[in-house]
Amino acid sequence: MAAKDSLRSSAVEDYAKAIFSLQSRGAEPVSTNALAERLEITPGSVSAMLKKLDELGLITHEPYRGVRLTAAGRRLALEVIRHHRLLESFLADSLGMSWDRVHDEAEILEHVLSEDVERLIASKLGNPTVDPHGDPIPGADLELDEPSTRSLESLPAGVRVSDSDPEMLRYLAEQGIALGDRLQVAGRQPFEGPVFVRVGEREYPIGGRLARAMRIELEEGRP
């Protein structure tokens, strides 16, 4: 059981989840520096933990390029992500916690959630497919149906928002922009200026970090 304990330590789970997230952004291996920036720790600390993950069979290393998750590593990452997103949904839907607070709470609880409680939460919520921020929840079979989205900043229709910045989430809530709202891009300022979006009868200027963090699912048949 010692190997099981090592496999399920919170640090190992956090690394697997971070590698999965970075790996999902492109075809390249995940570099030590990118992982250090993501986890806000030193590259030296990352290198030491990557050696452990390699020994556990969770990653493969490509010299001078970076690492990739193995099938076992991907499965571990998806299990943690499922825990995290189910917990966010439970905290928001059943306990009424605001969507800008659920991420930090789920970060703690995801490491101690038992499989029995996971199943009870999923059943209680009606087996949800997305969390309060619009991120897809891996199924019980640990398969992830990831829809194709683009950042609002990249556009020339539900909303999906990064859960890493509580202030950003509070701002959107105050402006009346919610998960699943249909947006219409009305225009944009040149030279990296804001994007103007219409939600219902109101128009909002959205730019900078917020425009990069918001993910938009395009309607069928639209460019």
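Colleague: Which residues does Arg202 touch, not counting residues up to four places away in sequence?
Modeller: Arg202 touches Gln175 and Val197 on that count. Keep in mind that this is a predicted model.

Colleague: Okay, and where does Arg202 lie?
Modeller: Arg202 is in strand β7, which covers residues 202-206.

Colleague: Buried, partly exposed or exposed, which is it for Arg202?
Modeller: Partly exposed, because the relative accessible area of Arg202 is 48%, and exposed would need over 50%.

Colleague: What separates the C-alpha atoms of Arg202 and Gly176?
Modeller: Those C-alpha atoms are 9.7 Å apart, with the two residues 26 residues apart along the chain.

Colleague: Switching topic: what's the place of Glu88?
Modeller: Glu88 sits in helix α5, residues 71-93.

Colleague: And how far away is the nearest side chain of opposite charge from Glu88?
Modeller: That side chain is Arg85, 5.6 Å away.

Colleague: Then which side chain does Glu88 make a polar contact with?
Modeller: His133: the side chains of Glu88 and His133 make a polar contact at 3.3 Å.

Colleague: Zooming out, how many helices and strands does the protein have?
Modeller: There are 9 helices and 8 strands. The protein has 223 residues, and 39% of them count as buried.

Colleague: What about the accessible surface of the protein?
Modeller: About 12600 Å², with 50% of that belonging to carbon and sulfur atoms.

Terms used
Residues numbered from 1 in each chain as written. Predicted model: local features only at pLDDT ≥ 70, side-chain atom pairs only at ≥ 80, totals over all residues. Heavy atoms only, no water. Helix = DSSP H or I, 4+ residues; strand = E, 2+ residues; numbered from the N terminus. Buried < 20%, exposed > 50% of the residue type's maximum accessible area, 1.4 Å probe, protein only. Lys, Arg positive; Asp, Glu negative; His and termini not counted. Salt bridge = Lys/Arg side-chain N within 4 Å of Asp/Glu carboxyl O. Polar contact = N/O pair within 3.5 Å; in protein donor to acceptor, adjacent residues only side chain to side chain. Areas by Shrake-Rupley, 256 points an atom, 1.4 Å probe, with all protein chains shown as cover. Contact = heavy atoms within 4.5 Å.
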